[in-house]
Amino acid sequence: MPSHTFSVNGETVTVDAPDDLPLLWALRDLLGVRGPKYGCGIDVCKACTSHLDGEAVRPCVVPVSEAAGREVTTIEGLADGDRLHPVQEAWLEQDVAQCGYCQPGQIMAAVALLKRTRNPTDADIDEIANVCRCGTYFRIREAIKSAADRMA
């Protein structure tokens, strides 16, 4: 079985897995990283959104072989010790989470957006397109705008 070495939230890891194993399963099943959620497995719901070298990706459709030698960041890697990332703080401030299932993916998508766009418009935020079955889109939008202000 092939070995794949990459970094997860700043820690170098090696997994023995088939090249085509979805990165999501390597994270969740082999490494015990539970933040990225399985929702659809086909890059539609985006509940698993994580970062690969700082870019938002859906690990449900990224083979583990693509992570080799790269940095994977999940929701668990955003905080700096006990200090939350500004997007996480804004999420709490705006009381975004309802059921919470999609929130790790929503937050990771928002962080990637704010890396690209310091002052996102409503249209920029709409392009995230993560699915929230509870319909907290208004609070998500407000949290992203609040986080952008914090990060300015």
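How many disulfides does the count come to? I took a disulfide as a pair of cysteine sulfur atoms within 2.5 Å, and by this rule I get zero.

Before going on, I noted that this is a predicted model, where local features need pLDDT of at least 70, side-chain atom pairs count only at pLDDT 80 or more, and totals for chains, interfaces and linings use all residues. Residues are numbered from 1 along each chain as its sequence is written, and side-chain values use heavy atoms, with hydrogens and water left out.

**Cysteines**

I looked up Cys40 and found it in no disulfide, the nearest cysteine sulfur being that of Cys45, 3.8 Å away. Cys60 is in no disulfide either, and its nearest cysteine sulfur, on Cys48, is 3.7 Å away. For accessibility I used a 1.4 Å probe on protein chains only, with buried under 20% relative accessible area, exposed over 50% and partly exposed in between. Cys60 is buried at 10%, while Cys40 is partly exposed at 23%.

**Domains**

Next I turned to the two domains, 3–77 for domain 1 and 86–151 for domain 2, with bounds from an automatic or database domain assignment. Their C-alpha centres lie 21 Å apart. Counting heavy atoms within 4.5 Å as contact, I have 16 residues of domain 1 touching 14 residues of domain 2.

I also checked salt bridges, meaning a side-chain nitrogen of Lys or Arg within 4 Å of a carboxyl oxygen of Asp or Glu. Between domain 1 and domain 2 the count is zero.

Last, I asked how much area they bury: about 1,200 Å², 64% of it on carbon and sulfur atoms. This is the accessible area (1.4 Å probe) that the two parts lose on being put together, summed over both.
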